Amino acid sequence: MMKGVILSLNPDVRIVDLCHEIRPQGIRQAAFLLTASRPYFPDGVIHTVVVDPGVGSARRALGVRSEGSYFVGPDNGVLSWIPAEGSDIVEIRREDLFRKPVSSTFHGRDVFAPVAAHLSLGHPFSELGPAVEGIVQLPPPRLDIDGNTVFGEVLHVDRFGNLVTSVPEAILRGVDSSRVRVDAGSLRLVGIETTYSDRDHGQFVVYVGSAGYLEIARVGGNAGEETGSPVGGTIEVHLPPSE
Amino acid sequence: MMKGVILSLNPDVRIVDLCHEIRPQGIRQAAFLLTASRPYFPDGVIHTVVVDPGVGSARRALGVRSEGSYFVGPDNGVLSWIPAEGSDIVEIRREDLFRKPVSSTFHGRDVFAPVAAHLSLGHPFSELGPAVEGIVQLPPPRLDIDGNTVFGEVLHVDRFGNLVTSVPEAILRGVDSSRVRVDAGSLRLVGIETTYSDRDHGQFVVYVGSAGYLEIARVGGNAGEETGSPVGGTIEVHLPPSE
Amino acid sequence: MMKGVILSLNPDVRIVDLCHEIRPQGIRQAAFLLTASRPYFPDGVIHTVVVDPGVGSARRALGVRSEGSYFVGPDNGVLSWIPAEGSDIVEIRREDLFRKPVSSTFHGRDVFAPVAAHLSLGHPFSELGPAVEGIVQLPPPRLDIDGNTVFGEVLHVDRFGNLVTSVPEAILRGVDSSRVRVDAGSLRLVGIETTYSDRDHGQFVVYVGSAGYLEIARVGGNAGEETGSPVGGTIEVHLPPSE
């Protein structure tokens with residue numbers, strides 16, 4: 001329906017589906033995927049985000065401008081990891097751009113989609129509404145360092161069951177990666193591999209994923225299902241002591 | 001494959017996927033989604049519908065024209081809720097437009113897709129075939145009123161597990177919605193909320209969904225899985241007595 | 001992300017998603033779907049294939065040209081059923097076309113997507129890299145004939161649970177199809193039907209599917225789940241003795 005609304009206003013726009021696999025209420029997961037995907041899209045792209053279409057009217061609608069890209073979505077935290085400030089964060093108040101009547105439960109269709117379509121037609125971002133402060137902020141991805149131990153979290157479980165963590169590749173700099181131990185739930189894994197295929201079938205493997213963060217997978221299996229590690233679960237990375 | 005066939009005939013057409021989550025044999029569910037989505041698409045759109053690709057040769061292929069939109073699909077009832085009559089319902093007989101050989105089991109690819117592509121290129125609707133009567137009719141969405149009780153059905157369970165019913169918002173007009181009781185399976189729910197977020201985590205909530213019908217959700221949960229309410233299940237709405 | 005990379009290079013290209021339901025490690029399943037879908041796409045199409053994005057750096061990247069179409073993907077066997085030889089199979093070595101830095105785990109985004117985009121812009125296929133021999137070959141789809149018994153395999157289980165086998169329609173030529181017996185796991189099915197709808201609800205049915213191969217379905221059910229027949233499982237077709 002959102003695509004119908006967008007194409008009704010701008011038949012020439014290109015639409016790409018980024019992800020339809022965010023778990024319900026997965027606002028952190030959506031925020032992460034948005035952040036991780038941004039660098040791969042062209043300048044001027046307009047990202048339109050909905051999580052939980054059943055939740056509606058009480059929230060503000062936000063427009064965010066960041067590094068040449070635009071974001072339209074709810075003030076529920078999903079846009080809070082996008083670097084932007086000042087006049088680059090606005091509350092969308094232009095009801096004349098909305099689809100009427102505005103449903104109390106599907107702002108994606110009636111607010112975000114038509115506003116994104118108008119932006120794609122050249123409507124000025126600054127005229128969407130006033131700059132706002134105090135938008136809902138998600139706590140940033142966990143990354144706590146205590147001596148040689150790094151604490152992170154599982155930000156995303158992909159469709160293969162691979163656990164994408166908040167621990168960035170940089171933590172491994174200058175470290176003997178074969179001696180790093182990673183704990184997640186009941187797993188105790190030693191050594192960071194270059195790719196998934198560096199371990200045998202059935203084994204768990206830790207590697208630097210395509211987003212630049214540590215990931216945990218099970219070769220030929222589904223690490224998410226088999227460990228029960230949920231999005232939000234804790235991961236500990238134990239670095240070897242310096243010599 | 002259908003998209004390949006369409007783009008082979010008309011490389012410039014825009015293709016939007018409406019829904020790939022209809023359950024097998026979910027003809028009523030597909031009919032509902034088609035009806036609910038139509039208003040959001042531009043004039044001239046051509047809706048191409050397949051449910052159950054394994055079912056094939058015995059059915060007629062239909063073209064339907066309604067309020068500036070076109071529909072191409074099987075005569076299995078899925079198009080029977082589209083308002084149309086007379087010369088606006090035709091049996092597609094133009095075998096010269098089909099992809100050959102026509103598979104006995106995938107008319108979507110060999111019949112509906114190429115016919116839709118030809119329509120998008122300007123082929124006249126009226127030349128697809130003769131007007132037909134007596135197409136397969138689905139019973140309309142249930143809406144029976146007995147005194148202060150309204151009987152409806154679950155028409156769709158979305159990917160969040162929300163139950164979309166056949167009871168329209170209009171039934172609440174002039175009623176104290178906080179005193180309405182909704183029964184579905186073993187659920188007894190009192191009060192209609194404005195949005196999903198008006199109840200606490202774990203609670204069931206009834207609200208008017210984006211399609212204009214009552215919906216039942218569980219906050220932070222999956223009402224469909226947790227109640228076992230299937231598509232087609234009965235819902236009762238008990239209105240408070242007039243005063 | 002792959003679409004973002006492609007559209008960043010060629011904003012005018014048309015992108016179609018062929019399938020996102022290949023099971024993890026389903027290289028044979030992907031090879032089959034690619035082969036079965038090819039005839040329905042227009043000349044000049046560029047197929048970009050990724051299976052198992054976690055597997056990375058050790059594999060070569062291949063370009064294949066076949067009958068007017070192009071294929072870009074990993075040397076893991078997924079392209080080995082595409083008919084091509086000699087200068088039509090190249091190892092992609094043009095690092096200047098890649099997205100930098102090249103992740104060790106997501107060649108789809110950093111290698112295959114940008115190379116496909118450059119091909120769509122007219123970059124010559126022959127300049128992607130040198131012709132190669134000895135690419136990873138999958139064993140061909142099983143088709144063994146022993147007297148009146150034909151042995152095949154389940155190549156694909158679709159989202160309806162229908163089992164798509166490697167036994168082609170041609171095997172039935174001149175045979176009384178009502179006397180053919182098909183064994184799959186614990187199933188013993190007699191007779192090949194024209195369509196899925198030729199059997200009653202709850203019954204299993206064998207028919208020639210849209211790809212031209214025998215398929216096994218359960219009317220109103222899910223044959224894959226109910227028989228536990230996995231991709232790769234054996235199917236036996238017992239032809240009636242000649243008279």
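Begin by selecting chain A and chain B: their contact (heavy atoms within 4.5 Å) takes 29 residues from chain A and 21 residues from chain B. The model is predicted, and local features need pLDDT of at least 70, side-chain atom pairs count only at pLDDT 80 or more, and totals for chains, interfaces and linings use all residues. Residues are numbered from 1 along each chain as its sequence is written, chains are lettered from A and ligands numbered from 1 in the order in which they are written, and side-chain values use heavy atoms, with hydrogens and water left out.

**Chain A against chain B**

Display the surface between these two chains. The buried area, meaning the accessible area (1.4 Å probe) that two parts lose on being put together, summed over both, is about 1,900 Å² for chain A and chain B, and carbon and sulfur atoms give 58% of it. A search for salt bridges (a side-chain nitrogen of Lys or Arg within 4 Å of a carboxyl oxygen of Asp or Glu) gives a count of zero between chain A and chain B. Polar contacts are pairs of N or O atoms within 3.5 Å; within protein, one must be able to donate a hydrogen and the other to accept it, and residues adjacent in sequence count only if both atoms are side-chain atoms. Eight residue pairs, both at pLDDT 80 or more, are in polar contact across the interface of chain A and chain B.

Next, select α1 (2-9) and α3 (107-120) of chain A, each of which supplies at least two residues of the side that touches chain B. Helices (H or I, at least four residues) and strands (E, at least two) are DSSP runs, numbered from the N terminus. The most comes from α1(A), with five residues.

**Chain C against chain B**

Now move to chain C, where the contact with chain B takes 21 residues from chain C and 28 residues from chain B. Select C:Arg14, C:Tyr40 and C:Phe160, which supply 35% of the area that chain C buries against chain B, more than any other three residues. Then highlight α2 (27-37) and β10 (204-208) of chain C; each supplies at least two residues of the side that touches chain B.

**The axis**

The RMSD is 0.0 Å, by a turn of 120 degrees and a shift of 0.0 Å along the axis. That is the relation of a three-fold axis. In chain C, the C-alpha nearest the axis belongs to C:Arg14, 5.4 Å from it.

Methods:
Least-squares fit on C-alpha atoms with pLDDT ≥ 70 in both.
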